[in-house]
Amino acid sequence: MSEMEDIVAREAGPEGLAALVAAFYRRIRTDDLIGPMYPPDDLEAAEVRLRDFLLFRFLGDATYLENRGHPRLRMRHFPFEIGEAERDRWLQLMDAAMDEIEFPAGARAVVMPFFGMVAESMRNH
Ligand code: HEM
């Protein structure tokens, strides 16, 4: 594990990442711009997918890979029209979720730039 990922493990851990994703999906539920893209009847499963992905990426937990295979995030986002506004909204909701749960500052400094890079690379519009 890299030193940066180690900070996420020590400061946030699986509980912190799970709490973050739960707070993010509470916001997705009522979001007017990107909320409608998410499956209304399957939000809990979507929450599990993002949570497991982060547990894989930052903590090396293999559950995501076992259930979903290779992430192929860009391909999996093709069905959704993602431009600058959608990218920015996703990042704003994540930022607000971090404020809400008081996500630890060191972990935030590692995870947020990662989200920024991935969000930009999901843009297909
Ligand atoms: C840029 C704005 C973004 C939008 C509008 C967006 C939207 C979506 C939507 C609608 C889904 C389908 C929900 C589901 O059923 O799982 C999804 C899945 C997912 N997104 Fe995003 N997303 C964005 C950025 C990101 C970023 C930055 C990450 C990086 C952590 C990410 C990670 C994922 C993962 C892991 C899944 C589940 C993939 C799977 O099917 O296994 N997304 N996203």
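1. Let's start at Asp 31. In this predicted model, a polar atom of the Asp 31 side chain sits 2.7 Å from the backbone nitrogen of Ile 34. You can find Asp 31 in the loop that runs between helix 2 (13-30) and helix 3 (43-59).

2. Is Asp 31 buried or exposed? Its relative accessibility is 10%, and since buried means under 20%, Asp 31 counts as buried. Leaving aside residues up to four places away in sequence, Asp 31 touches Pro 36, Arg 89 and Leu 93.

3. Now have a look at the largest pocket, which holds about 730 Å³ of space. Its lining is made of 25 residues, and those nearest the centre of the pocket are Tyr 25, Tyr 38, Leu 73, His 77 and Phe 80.

4. Which helix gives the most to the lining of the largest pocket? That is helix 3, with 5 residues. At least two lining residues each come from helix 3, helix 4 (63-68), helix 5 (73-77), helix 6 (84-101) and helix 7 (105-121).

5. Sorted by class, the lining of the largest pocket comprises 19 nonpolar residues, 5 charged ones and 1 polar one.

Technical notes:
Residues numbered from 1 in each chain as written. Predicted model: local features only at pLDDT ≥ 70, side-chain atom pairs only at ≥ 80, totals over all residues. Heavy atoms only, no water. Helix = DSSP H or I, 4+ residues; strand = E, 2+ residues; numbered from the N terminus. Buried < 20%, exposed > 50% of the residue type's maximum accessible area, 1.4 Å probe, protein only. Polar contact = N/O pair within 3.5 Å; in protein donor to acceptor, adjacent residues only side chain to side chain. Contact = heavy atoms within 4.5 Å. 1 Å grid on protein atoms, 1.4 Å probe; cavity = no way out; pocket = protein on both sides within 12 Å on 5 of 7 lines; lining within 4 Å. Points joined across faces, edges and corners; volume = space filled by probe spheres on them. Nonpolar A, V, L, I, M, F, W, Y, C, P; charged D, E, K, R; others polar.
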